[in-house]
Every structure is written in structure tokens, then in C-alpha cells.
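I opened the notebook to go through one structure and write down what I looked up. The entries follow the order in which I checked things.

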Amino acid sequence: MAREKTFQSSDDDDEPAPFRSSFDLNDSTFDDTLRPQRLCDVVGQRKVVDRLQIMIDAARMRSEPLGHLLLDGPPGLGKTTFATVLPRELGTECLITSGPLLSAPKDLLPHITNAGKGSVLFIDEIHRMSPAVEEFIYPVMEDFRVDITLGDGMNARTINMQIEPFTVIGATTRSGMLTAPLRDRFVNRLHLDYYELDELAEIIRRNAAKMKVQIDEDAANELAIRARGTPRIANNLLSWVRDFATVKAQGVITKQVAEDALAMQEVDRLGLEGPDRKYLETLVRIFAGGPAGVQAIGHSINVPIDTLEDEIEPFLLRHGLIQRTPRGRIITAIGLEHIGMSLPRQSGDATSGTLF
Ligand code: ADP
């Protein structure tokens with residue numbers, strides 16, 4: 001999500017809870033109220049936490065800024081959380097921007113000149129920065145130097161400006177789309193992976209306490225199973241189930257209440273939602289089970305390719321519901337069983353897209 005804001009270590013703790021008027025499992029407006037504030041509040045990702053702790057301690061002991069850090073992984077796993085926890089731990093300022101907002105060097109310049117010694121500049125979706133901004137950021141990251149070109153053609157001249165050393169934290173869902181020179185400027189690179197069920201259940205229990213709602217152990221486990229390994233989805237499921245429990249069950253979330261609430265939203269036992277099932281059904285109906293290219297599937301179900309590749313396919317692949325082959329995506333026997341469909345009988349060309 002494109003946003004631009006700054007915070008100082010502790011002055012954003014009292015923000016009111018954003019109002020949610022519709023249900024969207026990938027809605028991130030709800031995140032800010034539940035986001036862990038300190039490293040000790042973060043659940044799971046032990047390897048990442050341990051490495052960050054070393055980096056923080058080393059920066060503190062040497063009184064130097066943290067080395068530039070790249071966080072990569074699917075949406076909703078905690079990249080923004082880690083990026084905003086770090087400056088709090090270090091007691092430094094955090095400036096926040098996003099790749100799509102940076103189309104020309106002039107968009108980045110104010111952030112860089114405002115960054116004090118040791119501050120953190122968090123660039124979300126860094127893979128979406130324009131090439132011109134990317135060129136501009138190289139000397140900034142490497143030598144803390146800004147090169148500004150004045151005029152053009154024969155009269156062009158470059159002036160250099162030295163700036164305070166600071167830390168760039170980049171987040172990306174597509175590390176493969178970063179150019180090698182940009183990737184190499186990050187001395188630290190950390191990959192976030194999907195969460196285990198017990199970690200998600202712990203996040204759900206902690207957040208239920210923050211939301212002051214009572215939840216059974218079994219209900220927390222049930223939500224964890226359906227959260228697709230992703231804390232943001234766990235939070236959004238919990239938010240919906242809390243609304244449901246408030247209206248239908250005196251505010252107490254039991255396993256039965258959770259199941260009824262999720263059934264109403266058509267979140268199935270694996271955590272698949274409408275678009276996920278539509279993907280699988282389209283693969284069977286339109287493409288006879290595949291192979292089908294991601295673009296063709298995207299056009300058929302009217303979902304952007306980025307969303308398919310970042311949010312829908314990773315979970316389907318991880319659970320063996322689909323397979324990625326050089327010729328395209330194919331549905332597996334597990335996928336067919338999950339949606340209760342079978343492959344259409346094929347006549348002639350198997351990949352011609354037979355409808356049945
Ligand atoms: P990303 O930036 O990778 O899309 P976020 O950092 O915005 O993901 O995480 C989404 C939400 O999930 C956060 O607001 C937070 O409530 C929750 N969350 C993410 N990671 C953790 C974690 N390790 N422990 C507890 N909650 C987490």
C-alpha cells in the first residue's frame with residue numbers, strides 16, 4: 001500500500017482504530033493498531049529476530065547507523081513491522097515512503113535531506129522505484145552523497161552534496177525484480193517465511209487480548225489453520241470473527257462461533273477465499289486443468305497478475321493445489337479434490353481450452 005509518513009519513537013501509540021466498513025482479508029488498514037511495537041513483541045521468525053538483534057547491538061556498540069537492510073517475502077508477513085520496530089529499538093527517527101511514489105529523484109530528495117544521522121528511511125515496495133530514482137540512490141547508499149545535475153546538454157554540470165549517514169530499509173515481495181546493483185547495496189538481506197500454526201495461534205491470542213475479546217484455545221487454532229501462514233490474514237479473520245461474535249454470541253469466540261463466522265465469509269477449511277477457488281475452478285473449466293499461463297488466468301478471472309503471483313499462487317503452490325511447469329500452471333489431484341471437481345473429458349487438442 002502506498003503511504004508516506006514519519007514517526008518519532010513513541011508518539012504514534014495512541015492512534016484511534018481505523019474504521020472498517022467491508023470485509024477484505026488482505027485489507028491492511030487494520031494492521032497499525034495490532035502491529036508489534038518492539039522486537040520482543042514480535043512472534044516467530046526467530047532467525048530473522050536473532051540476526052536483527054545482533055545488527056542492533058552492533059550498531060549501538062559502535063554508535064554507527066545500521067547497515068542498509070533488505071526485507072523480502074510475501075505480503076502480510078511482517079516486513080513493515082520489522083522495518084518500523086528497528087528505529088524504535090534504536091531510538092531514531094523513521095521516514096516512510098514507497099516505491100510507486102518515487103518516480104523521479106526529486107521525490108526522494110526531501111526524504112534524504114531530512115534524514116538525520118542514524119535515521120531510518122523505509123522504502124516499501126522498493127522494486128517499484130523508477131530506474132532514474134534507482135540510479136540516484138546508488139551514491140546515496142554507498143557514500144552518503146547526493147549527485148544533482150543542473151542544466152542539460154553542453155551546459156550540464158553535477159554538484160555533489162554530502163549527507164548524514166543513515167539507513168535504508170527496503171521491503172519487497174519481488175526480490176527477483178531488483179537489479180543486481182541495487183540488491184548489492186544492501187549489506188543485510190533477510191527473508192521472511194510463512195508462519196507455523198502455533199505462531200499464528202499465538203498472534204491471534206495476543207491480538208484478541210488487545211481487542212479485549214475472549215477466544216477459546218480451539219477457536220484460536222481454527223483461525224490459525226485458515227490464516228494461510230500469514231499474520232495479516234490472521235488479524236483480519238480475527239477482526240471479522242469478533243464482529244460476528246459481538247452480534248451473534250455475546251462477544252465470546254468459541255470454535256463453533258469461529259466456524260460459523262468463517263462459513264458466512266466463505267473462507268473454507270484451508271483458508272481459501274472466493275478468488276482462490278475461482279482461480280482453481282477457472283483452471284479446470286476454461287483451461288481443462290492446464291497448463292495455462294498466469295496472464296491468461298489473470299485475464300479470465302479479472303485479477304491483476306501481481307495479485308495472482310504475490311497473494312494467490314504462493315499458497316496454492318505451497319499446499320500442492322497447483323503446480324508451476326515451464327508450460328504454465330496445472331491443477332493437481334489435491335486441488336481437484338479440494339474444489340470437488342474433476343477434469344473435463346478431453347477431445348483432440350488437450351490444451352485448446354475445452355469448455356464443458
Ligand atoms: P508486510 O509489510 O510484510 O506486508 P506487515 O508488517 O504490514 O506485513 O504485517 C501485517 C500485520 O501482521 C501487522 O500489522 C501485524 O499486526 C501482524 N504481524 C506481522 N508479523 C508479525 C509478527 N512477527 N508477530 C506478530 N504480528 C505480526
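The entries below cover the ligand site, the cysteines, the backbone and some pairs of residues.

**Entry 1. Ground rules.**
I am working with a predicted model, in which local features need pLDDT of at least 70, side-chain atom pairs count only at pLDDT 80 or more, and totals for chains, interfaces and linings use all residues. I number residues from 1 along each chain as its sequence is written, and side-chain values use heavy atoms, with hydrogens and water left out.

**Entry 2. The ligand shell.**
How many residues surround the ligand? I found 18, and the closest are V43, G76, K79, T80 and T81. By type, the shell residues divide into 9 nonpolar, 5 polar and 4 charged. For that sorting, Ala, Val, Leu, Ile, Met, Phe, Trp, Tyr, Cys and Pro count as nonpolar, Asp, Glu, Lys and Arg as charged, and the others, Gly among them, as polar. I also looked up the domains: domain 1 (4–191) and domain 2 (197–264) each give at least three residues to the shell. The domain bounds come from an automatic or database domain assignment.

L77 uses a polar backbone atom, 3.3 Å from an oxygen atom of the ligand. T81 has a polar side-chain atom 2.6 Å from a ligand oxygen atom. For N235, a polar side-chain atom is 2.8 Å from an oxygen atom of the ligand. I then checked the cover: the ligand has 560 Å² of accessible area on its own, and the protein covers 97% of this. Accessible areas come from the Shrake-Rupley method with a 1.4 Å probe; for residues, only the protein chains shown count as cover.
Which elements give two or more residues to the shell around the ligand? I noted α1 (31–34), α3 (79–90) and α9 (231–248). Helices (H or I, at least four residues) and strands (E, at least two) are DSSP runs, numbered from the N terminus.

**Entry 3. V43.**
I returned to V43, one of the closest residues to the ligand. V43 sits in the loop between α1 and α2 and is buried, at 13% relative accessible area. I use buried for under 20% relative accessible area, exposed for over 50%, and partly exposed in between (1.4 Å probe, protein chains only). V43 and E199 are 156 residues apart along the chain, and their C-alpha atoms are separated by 6.4 Å.

**Entry 4. Cysteines.**
How many disulfides are there? I counted 0, taking a disulfide as a pair of cysteine sulfur atoms within 2.5 Å. I looked up the accessibility of two cysteines: C40 is exposed at 65% relative accessible area, whereas C94 is buried at 0%.

**Entry 5. Backbone.**
Which peptide bond did I note as cis? The bond from G290 to P291 is cis, with omega near 5°. P291 lies in the loop between α11 (274–285) and α12 (294–301).
I also noted positive phi values in residues other than glycine. Phi of Q45 is near 50°; Q45 is in the loop between α1 and α2 (46–62) and is buried, with a relative accessible area of 11%. K212 has a phi of about 60°; K212 is in the loop between α7 (197–210) and β9 (214–215) and is exposed at 77% relative accessibility.

**Entry 6. Other pairs.**
A288 is in the loop between α11 and α12 and is buried at 1% relative accessibility. From A288 to S342 I have 54 residues in sequence and 9.4 Å in space, C-alpha to C-alpha.
D276 lies in helix α11 and is buried, at 3% relative accessible area. D276 and E313 are 37 residues apart in sequence, with 8.2 Å between their C-alpha atoms.
L262 belongs to helix α10 (residues 255–264) and is buried, at 0% relative accessible area. L262 and E273 are 11 residues apart in sequence and 9.9 Å apart in space, C-alpha to C-alpha.

Methods
Near = heavy atom within 4 Å. Polar contact = N/O pair within 3.5 Å; in protein donor to acceptor, adjacent residues only side chain to side chain.
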